[in-house]
Amino acid sequence: MHAIARRRHHRAAPLLLVLALLALITGVAAVAAPSAATASTEASADDVAAGERLFAANCASCHGLDAQGQDGVAPSLVGVGAAAVDFQVGTGRMPMQASGPQAPAKPVQFDQDEINQLAAWVASLGAGPAIPTPEQVDPALGDAANGMLVFRTNCAMCHGSIGGGGALTQGKFAPSLLETTPEHIYEAMLTGPQSMPVFNDANITPEHKRDVIAYLDFQSNGSPGGLSLGAIGPVSEGLWAWLILLGLIIASTIWVGARSS
Amino acid sequence: MGTKLNSAAAGTANYVDERTSIGGFVKFFARKLFPDHWSFMLGEIALYSFIVLLLSGVFLTAFFVPSMTEVHYEGPFETMHGVAMTEAFASTLKTSFEVPGGLLIRQIHHWAALLFLAAIMTHMCRVFFTGAFRKPRELNWLVGFTLMILGLAAGFSGYSLPDDVLSGNGLRIIDGVVKSIPLIGSYISYWMFGGEYPGVDIIPRLFTMHILLVPGLILALIALHLFLVFLHKHTQYPGGGKSHKNVVGLPLFPVYTAKAGGFFFVVFGIIALVASVFTINPVWNYGPYDPSPVSAGTQPDWYILFVDGALRLMPGWIAGVFPLEWELWGYTLSWNILIPAVIVPGIFFAIIALYPWLEAWATGDKGERHVLDRPRNVPVRTGIGVAMISFYVILVIEGSNDIVANLFHLSLNDITIFFQWGIFIIPPLAFWITKRICLGLQRKDRELVLHGHETGTIVRYDHGEYVEVHRPLDEQEVWLRVSYDNHKPLEIEPELNDHGVARKGYRWDRFKQRLSRFYFEERVEPVTPEELEEARHHHDSHGAHEAAEAEESGERLDSEWEELEDGAKR
């Protein structure tokens, strides 16, 4: 006991502890980081270098050359992972066209190879979520009924009951998910872009994420009742009742009434 | 063949008549006259959509199970497989996906419900703006008003029956509104739901209300409403030969029986068309009710939106310092719910219900009024109507504020702040603008009657003067513009009588006088026969000359034009 206590109070102990901790961190990083990056995108050193050039030309004016971000302008991208890049650039949200309440989706500015190169470079800056595998996002493997339950508990309050979209505060909004690809849905859940919270794998398991994708994919079958009027609820139905239904009928009253007299 | 059929029909009619003496009634009703105008068919739309509701509703009751017993879904709809739900929701899904034609009938029922209330409100607006509620029709206005309220009750109870997330959230809001009523609120809520919300009683209770109580009352009141229409005779739009003592129109048989009978099928057909093309209330999207999830776009059907809008408009604190939720002796008093959801709609509906009497006090008019007003000739009433519509529309838009924000890329918060001010500013502004427009139109009418139509023909006299030729109005046009009720503010007896003693009822009279001044202080007098005579005289001495010259020059122009045309052809 004495020996241990004496060693604990040794002058070199703090230094040794710090060194041990550093070794542990670099060791873990050496094992974990490259595997996350290589697993999904199989990025080569060339890709990373090409990504860096693309980044410097297209993203660095806001995010900075080292991707550390600028206060009040753009966030740091260290550790956001390849998934975040694939989502943001792959849906056209980035590069952002103008500052506003949030970056809207717009025509994509890069091809998939360039997006992968950008993702590879950003992923090389620090460990983060990887681009999902095709199997992880395959709607055919998901359970749409469970997806409905997960979706309405976690997603519907912003995106609407089947993902038709909805408003948030101060001009922000939850976009419609009806045209979003399974990969992007998965990545959005994983990385929480803009106002969206992160749904990590402890929160919604990868299987449940795939169920959500299956539920949203099911919506592409269309509404069994006919045209869906935007799937945004009773407001559009009410508007239609006044404009189309009452409108057509009043037009016919005028037609019926115009005959005699 | 034809004569055989005729004699068979006559024989049957005779058989029935000899046993019921119905012939007299048939003759009476068949000869009843009705004036013709498209706007008189708005009430008919409401009636026919109600018939469509009854027909489709009978179909739906055959499959709906009003029970909150929990089951697990085993039907064909993929996203509901194995999901726990009430029998009410399961049977709605079954009606939609397993009963042949079930979904179409459900959609017909729901679209017809939206149309029913839209038609009722449009019909009410027509009656309001034309003054068709005046004596002797005040009571029928009240009957119609009650029908509107019953329509809201029928709609809301039906909206809640499928027990999906959307309807459950609607019920939750109603529960909150009821609980905000001081002292008795929580007791009423417990009584309604048979205990703590949501319980297992509410669906069966709403079902009875929806298929028995409310439609029964609606049917009875429709009968009364139509009986009173027959009794009072129909109103007519102003025009030559139409007075408060006659009805100018066509007999019910054969013209209106054919028109109305055909019109029923037009209404039914358009509802069916819309129901077969457009989805309504897709409960399979919302899923079975569970008190925890609320999805974006959770709104009531449009006719309840104004309550939702009032709730969304109401701040919890005034200017961030004055709280609207009080705690008194351990009890909570939620002004922030009570004002928008109970007090404001209460006052709004009370004004609508009592309006005929309000206006009768202002006019002091005791006579029967069967000729309708043109809205411009009663500027204050028209202004009040437009102000109330704008108030209502603001609440409806605010009730859909998230949809509006999303559609137009606006800030949800800004919309709410805009309408928090707008609800106080826009209706008075709408009143003032409408009144000014009405007065302007009346002045234009005066101008027209006195000076005639502009013809666009300019005549130049020999001495260089230019004159525009006016064509005098024909008799019908003049009638329409001069023969309206010209109310003046009430004159009342003085406060003190001859003996210097305060008169009984003076305060009430003074109230009526103030009301009357509000209505009729500012008005445009219709052209009197003397003025018309004078104007015509003036025009004749001056205008006949004008017209003759104009005609001459017109002919000259025509011949020149023909020559030009001929030249072009060659």
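Chain B has 19 helices and 10 strands; helices (H or I, at least four residues) and strands (E, at least two) are DSSP runs, numbered from the N terminus. The model is predicted: local features need pLDDT of at least 70, side-chain atom pairs count only at pLDDT 80 or more, and totals for chains, interfaces and linings use all residues. Residues are numbered from 1 along each chain as its sequence is written, while chains are lettered from A and ligands numbered from 1 in the order in which they are written.

**Chain B overall**
- The C-alpha trace of chain B spans about 95 × 85 × 70 Å along its principal axes.
- Chain B has 570 residues, and 36% of them count as buried (20 or more other C-beta atoms within 10 Å of the residue's own, with C-beta atoms placed from the backbone).
- Of the contacts in chain B with a separation of 6 or more, 74% join residues 24 or more positions apart; contact means C-beta atoms, placed from the backbone, within 7 Å.

**Where chain B touches chain A**
- On chain B, 61 residues are in contact with 53 residues of chain A.
- α5 (102–130), α10 (252–277), α11 (283–286), α15 (401–408) and α16 (412–451) of chain B each give two or more residues to this side.
- The largest share, 10 residues, comes from α10(B).

**Helix α6 of chain A**
- α6 (residues 112–125) of chain A has 14 residues.
- From first C-alpha to last, α6(A) reaches 20 Å, close to the 20 Å expected at 1.5 Å a residue (1.5 Å times one less than the number of residues).
- α6(A) is largely enclosed by the rest of the structure, because 10 of its 14 residues are buried.
- Among the buried residues of α6(A) are A:I115, A:L118, A:W121 and A:L125.

Methods:
Buried ≥ 20, exposed ≤ 12 C-beta atoms within 10 Å, placed from the backbone. Contact = placed C-beta atoms within 7 Å.
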